[in-house]
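I opened the model to look up a few points about its strands and a helix. My entries follow.

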Amino acid sequence: MTPNRPRALVLVSGTSTEVGKTWWSAAMARTLRSQGRSVAARKPAQSFDPDDATTDAAVLGAATGEDEATVCAPHRSYEVSMAPPMAAAALGRPGFSITDLMTELTWPADVDVGFVESAGGPRSPLADDGDTIALATALAPDLVVLVADAGLGTINAVRLAHDAFGTLAPVVVALNRYDDSLTLHRANRGWLEATSGLSVVTDPNALANRIVEPGVASFR
Ligand SMILES: [Mg+2]
């Protein structure tokens with residue numbers, strides 16, 4: 001059992017890398033904080049292109065009011081754009097396990113909503129011995145937010161990623177940059193909801209409200 005487990009623990013994953021996980025996490029965090037909720041975010045490991053202007057942990061920390069080094073421990077931040085365990089190996093740094101990431105995952109007391117942003121997609125390497133599904137198994141989140149592109153190809157990507165989570169937690173699909181004026185986006189959303197029976201959201205503010213009102217249990 002994680003000490004100081006937030007009242008609602010939300011794992012943010014995605015169909016792939018660069019699909020909007022950090023943007024959605026930060027947007028939800030800002031909405032919740034503006035309502036007086038206590039929010040924290042954690043990025044158990046991150047890797048990035050050293051030419052990038054900012055890191056995920058910096059963006060998340062700006063949204064939650066936490067220090068970047070609190071969001072992602074500096075020794076789990078890898079300045080090469082490969083999956084974190086591969087980046088660690090490429091940089092000659094020590095390897096790490098899913099258990100290491102879980103052990104390092106700490107929270108302040110009395111957090112209403114805690115966001116854990118993973119890296120890549122559910123089956124991307126997250127540690128030497130596991131992926132986001134392994135992290136989710138250890139974490140037992142109340143909700144998984146699966147961020148996905150809204151355009152062509154997303155139905156296959158969403159269904160495969162959704163299936164990977166099985167019955168670990170309720171999964172809500174967040175269509176990033178959804179534009180209701182586009183026939184393709186509307187058709188994708190409709191298929192995911194009606195044919196695949198998935199829960200789909202397109203607005204981080206609306207999703208943030210559903211997390212706390214009336215509670216994450218409503219996703220089950
Ligand atoms: Mg990110």
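Which residue stands opposite Val116 in strand 5? I found Leu11 opposite Val116. I am working from a predicted model, in which local features need pLDDT of at least 70, side-chain atom pairs count only at pLDDT 80 or more, and totals for chains, interfaces and linings use all residues. Residues are numbered from 1 along each chain as its sequence is written.

Strand 5. I looked up its pairing (strands pair if DSSP finds at least two bridges between them). Strand 1 (residues 8–14) runs parallel to strand 5 over five bridges. Strand 2 (residues 39–42) is also parallel to strand 5, with four bridges, and Arg42 stands opposite Val116. Helices (H or I, at least four residues) and strands (E, at least two) are DSSP runs, numbered from the N terminus.

I then checked burial (buried means 20 or more other C-beta atoms within 10 Å of a residue's own, with C-beta atoms placed from the backbone). Five of the five residues of strand 5 (residues 113–117) are buried, so the strand is largely enclosed by the rest of the structure. Val113, Phe115 and Glu117 point one way, and Gly114 and Val116 the other. In a regular strand the side chains alternate between the two faces of the sheet.

Tyr78. I located Tyr78 in strand 4 (residues 77–78). Tyr78 counts as buried because it has 24 C-beta neighbours inside 10 Å. Leaving out residues up to four places away in sequence, Tyr78 touches Ser47, Pro84, Ala87, Ala88 and Leu91 (contact means C-beta atoms, placed from the backbone, within 7 Å).

Helix 1. I noted buried residues here, among them Trp24, Met28 and Leu32. Just after helix 1, Gly36 has a positive phi of about 85 degrees.

Technical notes
Buried ≥ 20, exposed ≤ 12 C-beta atoms within 10 Å, placed from the backbone. Contact = placed C-beta atoms within 7 Å.
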